[in-house]
Amino acid sequence: MTEQTHASAATASDSSLASLLLTGRVALVTGASRGIGRAIARTLAARGAAVAVNYSQREDAARELCEQIVADGGKAIAVGFDVASPAAVDAGIQQVIAALGGLHILVNNAGVSIDALLMRANPDDFSRLLDINLKGAFLCSKAAARHLLRARADGRIINISSVVGEQGNAGQAMYAAAKAGVLGLTKSLARELASRGVTVNAVTPGFIDTDMTAAALKGDAREALLKQIPLARIGRPEEVAEAVAFLAAPAASYITGHVLRVNGGLHI
Ligand code: NAP
């Protein structure tokens, strides 16, 4: 390669890297005190976004994450609210706008899992699962939409669904129903908000090493699951965060209504 072609290759790669950056953007990540949400908040901040770190119970963990982001040269605030409460969501999003000056990227990540076979499943648990995992994404999208529309034709909603919402799983009917609902929400909002310059996509993680899966992914159950995963390992939160950061970036400007699988090949 000549010096000139080296120089143009460097320029091309610099400009394509720029399309992965989030400089000047404000992102809200729900459920970011732990696990996948925490990794997403860190990655978005590393790409240049100012990040609002939402939590439900673990204020200390959320504040500690913000301190780490600031120590790394980024900008972050902790914002506590329950995604299942309409009033709390509205107030929380107002708090983000007031503190960070706008909102361009919403990542609906907050979630809980309650597993039970149908015969033992409790209807109150089902309501709670739907309230947090599905209604929470709806409420946050509704409260954020007005602000995302102001994001100069570049607003982003990224919903964290699950491989379980795509293929189902015995003992997880309630969770699967909520996560499949998130996919329907994603596709409808993608159609509804496209003309206003907001893209809406979903990420479906497979089995990822977090508190949510710690109890289930042990011993024989872990070995049996690994046999079903072509990449033969459990995923890391950072691997989900990379997919979210891509969908949030200018590089993904023509992608909407998409379901991006991060599952090691578990569901193809
Ligand atoms: P996790 O480690 O259990 O963390 C859950 C997060 O959600 C925490 O930050 C928690 O806040 C927050 N949260 C829970 N209820 C909330 C509420 N009502 N309002 C606001 N925040 C709330 O879970 P994870 O494994 O990282 O999962 C994150 C997302 O990925 C979930 O939507 C999950 O369904 C999805 N997912 C996970 C996997 C996996 O294998 N781990 C696979 C597919 C999809 P506090 O810390 O304050 O309690």
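1. In this predicted model, a polar side-chain atom of Asp 82 lies 2.8 Å from a nitrogen atom of the ligand. On the side of the ligand oxygens, an N or O atom in the side chain of Thr 210 is 2.5 Å from one oxygen atom, and a backbone N or O atom of Ser 56 lies 2.9 Å from an oxygen atom. A polar contact here is a pair of N or O atoms within 3.5 Å; within protein, one atom must be able to donate a hydrogen and the other to accept it, and residues adjacent in sequence count only if both atoms are side-chain atoms. Of the 900 Å² of accessible area that the ligand has on its own, the protein covers 96% (Shrake-Rupley method, 1.4 Å probe; for residues, only the protein chains shown count as cover).

2. Regarding the basis of these values, local features need pLDDT of at least 70 and side-chain atom pairs count only at pLDDT 80 or more, whereas totals for chains, interfaces and linings use all residues. Residues are numbered from 1 along each chain as its sequence is written, and side-chain values use heavy atoms, with hydrogens and water left out.

3. The shell around the ligand holds 32 residues, of which Ser 33, Gln 57, Asn 109, Tyr 175 and Thr 210 come nearest (a residue is near if one of its heavy atoms lies within 4 Å). By class, this shell has 14 nonpolar, 13 polar and five charged residues; Ala, Val, Leu, Ile, Met, Phe, Trp, Tyr, Cys and Pro count as nonpolar, Asp, Glu, Lys and Arg as charged, and the others, Gly among them, as polar.

4. The ligand sits in the largest pocket, in the sense that more than half of its atoms lie within 2 Å of the grid points of that pocket. Two or more shell residues come from each of α2 (35–46), β2 (50–55), α7 (173–193) and α8 (211–214), and α8 gives the most, with three. Helices (H or I, at least four residues) and strands (E, at least two) are DSSP runs, numbered from the N terminus.

5. The largest pocket contains about 1100 Å³ of space. On a 1 Å grid over the protein atoms alone, a pocket is an open set of points with protein on both sides within 12 Å along at least five of seven lines, a cavity is a set where a 1.4 Å probe fits but cannot get out, and lining residues have an atom within 4 Å of a point. Grid points are joined across faces, edges and corners, and a volume is the space filled by probe spheres set on the points. Among the 48 lining residues, Gly 111, Val 112, Ser 113, Thr 210 and Met 212 are the closest to the centre of the pocket. The largest contribution to this lining, four residues, is from α9.

6. The second largest pocket has a volume of about 160 Å³. Its lining includes Phe 207, Ile 229, Arg 233 and Glu 239, and divides into six nonpolar, four polar and two charged residues.

7. The whole structure has one cavity of 30 Å³ or more, and the largest cavity has a volume of about 60 Å³. Of its 13 lining residues, Asn 108, Asn 109, Ala 110, Asn 133 and Ala 137 lie nearest its centre. The largest share of this lining, five residues, comes from α5.

8. Ala 232, in the loop between α9 and α10 (237–248), has a positive phi of about 55° although it is not a glycine. Most residues other than glycine have a negative phi.
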